Amino acid sequence: MERGAWWQVVFRVRVDDVPAVSDGKGVNNLGKLAGENTFGLRYSDRDGAEISYTEPELAIDKTATSVPSPLLPGSTVAYRITVDNTGSAAARDVLLEDVLPVGMRGYDPTGGPITVTLNGSPLAPGVDYLASYVPATGLLTFDFCQLPGIDTPIPPGGQLVIDYQSQVD
């Protein structure tokens, strides 16, 4: 580096959820740099930066949007899951699990129509999320983080909407 030049280091870290870390709390973070240049001269410098913690706040709602009457074997029930991030940070590593009730586990919802949107924009299965189903337990999973290359955060103020269908056994 030339005399008088400067360089910058940027750190991005994930902070564990502990009581000392809460949304809006600020702390001072100090850094120190020490080294030796090519002439054998030692140097050191320190600086501080204020850090404000932010965190997501998720509100989840599930509703049946279409329920036929009477409800008979083979009847299709449509569901909507809405996830709102009312927090001040993106929600990352989102894994949403929904357990279908006994009597509705024989049909695989991932084989039917599924629509997933984030802030009104459609998300692509296998690219933005992965849907899977376990009939024995009725566990329907929407995974927005686990596969290599899939990292779909819900931004602050963002809304994730999942529409899917299931059938009565």
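Glu-36 is partly exposed, with a relative accessible area of 48%. The side chain of Glu-36 meets that of Arg-42 in a salt bridge, with 3.6 Å from N to O. This structure is a predicted model, and the count of salt bridges in it comes to 4.

**Salt bridges**

- Side chains of opposite charge can pair when their charged atoms come close.
- Arg-42, the partner of Glu-36, counts as exposed because its relative accessibility of 72% is over 50%.
- Asp-98 and Lys-62 form a salt bridge through their side chains, at 2.9 Å from N to O.
- This pair links distant parts of the chain, since Asp-98 lies in strand E5 (residues 95–99) and Lys-62 in strand E3, 36 residues apart.
- Asp-98 is buried, at a relative accessible area of 8%, whereas Lys-62 is partly exposed, at 34%.
- In the salt bridge between Asp-151 and Arg-92, the closest N and O atoms are 3.9 Å apart.
- Asp-151 is in the loop between strand E9 (139–143) and E10, and Arg-92 is in the loop between E4 and E5, 59 residues apart.
- Both residues are partly exposed: Asp-151 has a relative accessible area of 46%, and Arg-92 has 35%.

- Strands of a sheet pair through backbone hydrogen bonds, either parallel or antiparallel.
- Strand E4 (residues 76–85) pairs with strand E10 (residues 159–167) over 9 bridges.
- Asp-84 stands opposite Gln-159 in E10.

Conventions
Residues numbered from 1 in each chain as written. Predicted model: local features only at pLDDT ≥ 70, side-chain atom pairs only at ≥ 80, totals over all residues. Heavy atoms only, no water. Pairing = 2+ DSSP bridges. Helix = DSSP H or I, 4+ residues; strand = E, 2+ residues; numbered from the N terminus. Buried < 20%, exposed > 50% of the residue type's maximum accessible area, 1.4 Å probe, protein only.
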